[in-house]
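Welcome! Here is a short briefing to read alongside the model. Please take a look at the sequence and the structure first.

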Amino acid sequence: MVLIPLSASVTAGYLLPAVFAVATAIPVLAVAWILAFSVQQMGSFYGKMQKVQKWMNLLVGIVFILIGIYSCWIMYV
């Protein structure tokens, strides 16, 4: 609401809306770029975590089997 009367009263007022638009768009573009870059990195991180999860599932399965064998050993021997 202030930009139109201000641009009418200043000698180079026709540049004010363009400057305002660019100055407003720069932070929006910066945040969008950061979000897009972080999403791209998240995909790479997710792929690496799937490999880690595969090995952790195997390790936890082996630990559970060993605990079961130990429990049976303690109960019945």
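Patches are made of residues with over 30% relative accessible area and no salt bridge, where like charges are joined within 9 Å and nonpolar side chains (Val, Leu, Ile, Met, Phe, Trp, Tyr) within 5 Å. A salt bridge, in turn, is a side-chain nitrogen of Lys or Arg within 4 Å of a carboxyl oxygen of Asp or Glu. Accessible areas come from the Shrake-Rupley method with a 1.4 Å probe, and for residues only the protein chains shown count as cover.

This is a predicted model, in which local features need pLDDT of at least 70, side-chain atom pairs count only at pLDDT 80 or more, and totals for chains, interfaces and linings use all residues. Residues are numbered from 1 along each chain as its sequence is written, and side-chain values use heavy atoms, with hydrogens and water left out.

**Surface**
- M42, F45, M49, V52, M56, L59, V60, V63, F64 and I67 make a nonpolar surface patch of about 950 Å².
- Of the 77 residues in the chain, 3% are buried.

**Overall form**
- There are two helices and zero strands in the chain; these are DSSP runs numbered from the N terminus, helices being H or I with at least four residues and strands E with at least two.
- The C-alpha trace spans about 95 × 20 × 10 Å along its principal axes.
- The chain has a radius of gyration of 31 Å, whereas a compact globule of 77 residues would have one near 11 Å (taken over C-alpha atoms, with a globule rule of 2.2 Å times the number of residues to the power 0.38).
- Q41 in helix α2 is partly exposed, at 39% relative accessible area.

**Aromatic rings**
- Rings of Phe, Tyr and Trp (its six-membered ring) pair if their centres lie within 6.5 Å; planes under 30 degrees apart count as stacked, over 60 as edge-to-face and the rest as tilted.
- By this rule there is one aromatic pair: W33 and F37 are stacked, 5.8 Å centre to centre with 10 degrees between the planes.
- W33 and F37 are separated by about one helical turn because they are four residues apart in helix α2 (residues 16-76).
- W33 is exposed at 59% relative accessibility, while F37 is partly exposed at 41%.

Terms used:
Buried < 20%, exposed > 50% of the residue type's maximum accessible area, 1.4 Å probe, protein only.
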